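Work through the exercises below with the sequence and the 3D view side by side. Each task is followed by its solution in steps.

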Amino acid sequence: MREVLAQAAFQLFLERGFERTTVDDIVARAGVGRRSFFRYFPSKEDVVFPDHERCLAEMTEFLAAVDDGDPVGAVCDAARIVLRMYAADPEFSVQRYRLTREVPGLRTYELSVVRRYEQTLAGHLRGRFGADGDGELRAEVIAASVVAAHNNGLRLWLRSGGAGDPEAAVDHALDLVRDVWERPAESSPALQKQTGKQLERPLEKPVPAGGLTAGSGDNEVIVMVAAKGTPMWRVVQQIEAAVGES
């Protein structure tokens, strides 16, 4: 019934426009009563996004069962659940995208839906990083980065009219997120491109998060290697990691 109502609604939106279509028009086209409509959708706006509640529940279930070893990879994989939802019905997804660009109220509604996905991802990361201090900040920033990367790739595909493989652009964008938040600084392709060469490791001891150590005891020396433009908080984080390991 949800699909029948959504299909009827979009037929009318395309024929008459969103603002000129009423709930009565939708139920008449679908051949059901008003009570049936409101059993599935609280408002006319909700019928434009009939699959997000199910997708949000699937994302929540996925994160609850995922391995704790790779939290950044887990939230990136969770974002791909949303991508698969859009890719399952390209025609409907492109129509919805065009409709939300034309109706400001739908754009606002869509932003609230996106925020719910972001909060779900951030909640999972807070459970891994902690809810105090930088743990909460890290969770919020990574979740926002994942959502922004996913939406960038998704919208490229939607603007093309649903042509090609949507996963390629999204995977590329999410890989950039993982480069920044998951991989050691010296192994990041982005940093290697900036420096123009692989960072050398002249010491036998493994390089901890960008820091090099030499010597032992109180005379131990820490040499910090970082790409130009690296944020100071990242440099401090790498130094702390090196000190903690030495």
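Buried means under 20% relative accessible area, exposed over 50%, and partly exposed in between, with a 1.4 Å probe and protein chains only. Helices (H or I, at least four residues) and strands (E, at least two) are DSSP runs, numbered from the N terminus. This is a predicted model, in which local features need pLDDT of at least 70 and side-chain atom pairs count only at pLDDT 80 or more, while totals for chains, interfaces and linings use all residues. Residues are numbered from 1 along each chain as its sequence is written, and side-chain values use heavy atoms, leaving out hydrogens and water.

**Exercise 1. Describe helix α9 and list its buried residues.**

Step 1. Helix α9 takes in residues 166–181, 16 residues in total. From first C-alpha to last it reaches 23 Å, close to the expected 22 Å; the expected span is 1.5 Å times one less than the number of residues.

Step 2. Buried in α9 are Pro166, Val170, Ala173, Leu174, Val177, Arg178, Asp179 and Trp181.

Step 3. At the start of α9, a side-chain oxygen of Asp165 comes within 3.0 Å of the backbone nitrogen of Glu167.

**Exercise 2. Find which residues of α4 are buried and what covers them.**

Step 1. His52, Cys55, Leu56, Met59 and Leu63 are the buried residues of α4. They lie on the same side of α4, because they cover an arc of only 100 degrees around the axis, the arc being that of the directions from the helix axis to the C-beta atoms.

Step 2. Their cover includes α5 (71–87), α6 (90–102) and α7 (104–129).

Step 3. On the face turned away from the buried side, α4 carries the exposed residues Glu61, Ala64 and Ala65.

**Exercise 3. Locate Lys44 and decide whether it is buried or exposed.**

Step 1. Lys44 sits in the loop between α3 (34–40) and α4 (52–65).

Step 2. Its relative accessible area is 14%, so Lys44 is buried.

Step 3. Beyond neighbours within four places in sequence, Lys44 is in contact (heavy atoms within 4.5 Å) with several residues, including Phe13, Phe18, Val23 and Phe37. The Lys44 side chain also reaches the backbone oxygen of Thr21 at 2.8 Å.

**Exercise 4. State where confidence is lowest and where it is highest.**

Step 1. pLDDT is the predictor's confidence in each residue, from 0 to 100. The mean for the protein chain is 81, and 74% of its residues reach 70 or more.

Step 2. Confidence is lowest in strand β1 (residues 211–214), at a mean of 40, and highest in α5, at 96.

Step 3. Over residues 184–217, pLDDT stays under 50.

Key
Polar contact = N/O pair within 3.5 Å; in protein donor to acceptor, adjacent residues only side chain to side chain.
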